[in-house]
Amino acid sequence: MKKRVLSGIRATGRLHLGNYFGAVKGMLDLQSRSAEYETFYMVADLHTLTTPHDKETLKQAVRDIIIDYLAVGLNPEKSALFIQSHVPEHLELAYYFSTVATVAKMQHLPTFKDKVKQYPENVTMALLNYPILMASDILVYKAGLVPVGIDQEPHLEVAREIARRMNQDFGMDFPEPKRFIDKSLPAGRQGEYIPSLTGEGKMSKTVEGSYINLTDSLGEIKSKIAKIPTDSGQGSEILGGVKTLMEFVELFEGKEKRNELENQYRGKGLRYGEIKSELSETIFAELEPIQIRRKELETNPEFVDKVIGEGAQKARRVAARTVAEVREKMGLA
Ligand code: TYM
């Protein structure tokens, strides 16, 4: 039997390079191996409700992620592309899972603590339940492989614990889901986060100035890359913004180019203007075909509706079976 794969992205803004390298590239890779893997990719609209959101724009934001999925090359013939809330089985299974997960464990997760710090006015039950719903997203398809960034590892650990408990206590056969690490990334970046353009921490939708969106124009990319903080161009140790710049050079222009520039930094010195301009052009060259496909998709709303409808149907067929099995094993049916 084929192994199942599930991943999801929240509708909190446009996709950026962090999402692209951390999750989307892995999603594409697994989709391309359709003889081995059955792939389910969703927009996590229910998880989007766990932080303050705009109800006027949410629907469009969710649809935009589906369009992004199609534009980057996810193929509805190969992958179920769907919206989480269209498959209510996720919510039902999350409730059953909440009976084997403790409050203490959820409160101690670093991801929960971060969100509490970020939104102290918004410490809701939904936020505490976030990892349980995520475990349900994955296990409702009995998926064993999850292409996500390293920041999601604590949530996968919860999913593995829940799978073990459900298997032990109720005789289920859930796999213990593992993070899929994309091997097409440079060795140093495999399984790591994509850094912020500010030179500190990771690229994130919530940190202004940290990200490049997949929809950014060449001008926008140039101005964002220009702002990566750099120094005089010479020195012995490569740190901060210069290190970030070198990481992007490696991601887009290869290891050799990075080595060459790092040697120059330690020797005769670097001219950042040229390096930044060349890097911006290379980034744009990778994003432009995605942007062209995106524009075409925007003129074909019927196709997007069809993908969303069929994706939900495909997902529900599998999800309903798992939920029926859990109901029975837990003594409800
Ligand atoms: P979200 O929407 O925060 O992020 C989407 C994906 O992008 C990855 N990512 C990064 N990877 C590397 N470097 C970065 N700087 C970077 N920034 C973001 C994230 O790791 C993620 O893979 N909880 C999930 C959504 C979700 C989900 C699921 C994922 C809900 N249910 C079930 C997988 C399976 C999230 O918040 O993603």
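Just past helix α9, Gly171 adopts a positive phi of about 70°. (Helices here are DSSP runs of H or I with at least four residues, strands are runs of E with at least two, and both are numbered from the N terminus.) Keep in mind that this is a predicted model, where local features need pLDDT of at least 70, side-chain atom pairs count only at pLDDT 80 or more, and totals for chains, interfaces and linings use all residues. Numbering starts from 1 along each chain as its sequence is written, and side-chain values use heavy atoms, with hydrogens and water left out.

Helix α9 itself covers residues 153-170, which makes 18 residues. From its first C-alpha to its last it reaches 25 Å, close to the 26 Å expected at 1.5 Å a residue; the expected span is 1.5 Å times one less than the number of residues. Its buried residues include Pro154, Leu156, Val158, Ile162 and Met166. Buried means under 20% relative accessible area, exposed means over 50%, and partly exposed is in between, using a 1.4 Å probe and protein chains only.

Arg160 also sits in α9. Is Arg160 buried or exposed? With a relative accessible area of 14%, Arg160 is buried. Its side chain makes a polar contact with the side chain of Glu153, at 2.9 Å. (A polar contact is a pair of N or O atoms within 3.5 Å; within protein, one must be able to donate a hydrogen and the other to accept it, and residues adjacent in sequence count only if both atoms are side-chain atoms.)

Now for the ligand. There are 27 residues around it, and Tyr130, Asp137, Asp151, Gln152 and Ile194 come nearest; being near means having a heavy atom within 4 Å. Here are some of the N/O distances.

| Residue | Protein atom | Ligand atom | Distance |
|---|---|---|---|
| Gly18 | polar backbone atom | nitrogen | 3.2 Å |
| Asn19 | polar side-chain atom | oxygen | 3.0 Å |
| Asp151 | side-chain N or O atom | oxygen | 2.4 Å |

On its own the ligand exposes 720 Å², and the protein buries 97% of that. These areas come from the Shrake-Rupley method with a 1.4 Å probe, and for residues only the protein chains shown count as cover. Elements giving two or more residues to the shell are β1 (3-9), α1 (17-32) and α8. By type, the shell divides into 13 nonpolar, 9 polar and 5 charged residues. (Ala, Val, Leu, Ile, Met, Phe, Trp, Tyr, Cys and Pro count as nonpolar, Asp, Glu, Lys and Arg as charged, and the others, Gly among them, as polar.)

On to the aromatics: the whole structure holds 6 aromatic pairs. Rings of Phe, Tyr and Trp (its six-membered ring) pair if their centres lie within 6.5 Å; planes under 30 degrees apart count as stacked, over 60 as edge-to-face, and the rest as tilted. Phe40 and Tyr141 are stacked, 4.6 Å centre to centre with 20° between the planes. This pair links distant parts of the chain, 101 residues apart: Phe40 is in strand β2 (residues 37-43), and Tyr141 is in the loop between α8 (130-139) and β4 (145-146). Both Phe40 and Tyr141 are buried.

Tyr95 and Tyr96 pair edge-to-face, at 6.2 Å centre to centre and 70° between the planes. Tyr95 counts as exposed because its relative accessibility is 55%, whereas Tyr96, at 10%, counts as buried. Tyr20, Phe21 and Phe252 form one aromatic cluster.

Back in the loop between α8 and β4 there is also Lys142. Its phi is near 50°, a positive value in a residue other than glycine.
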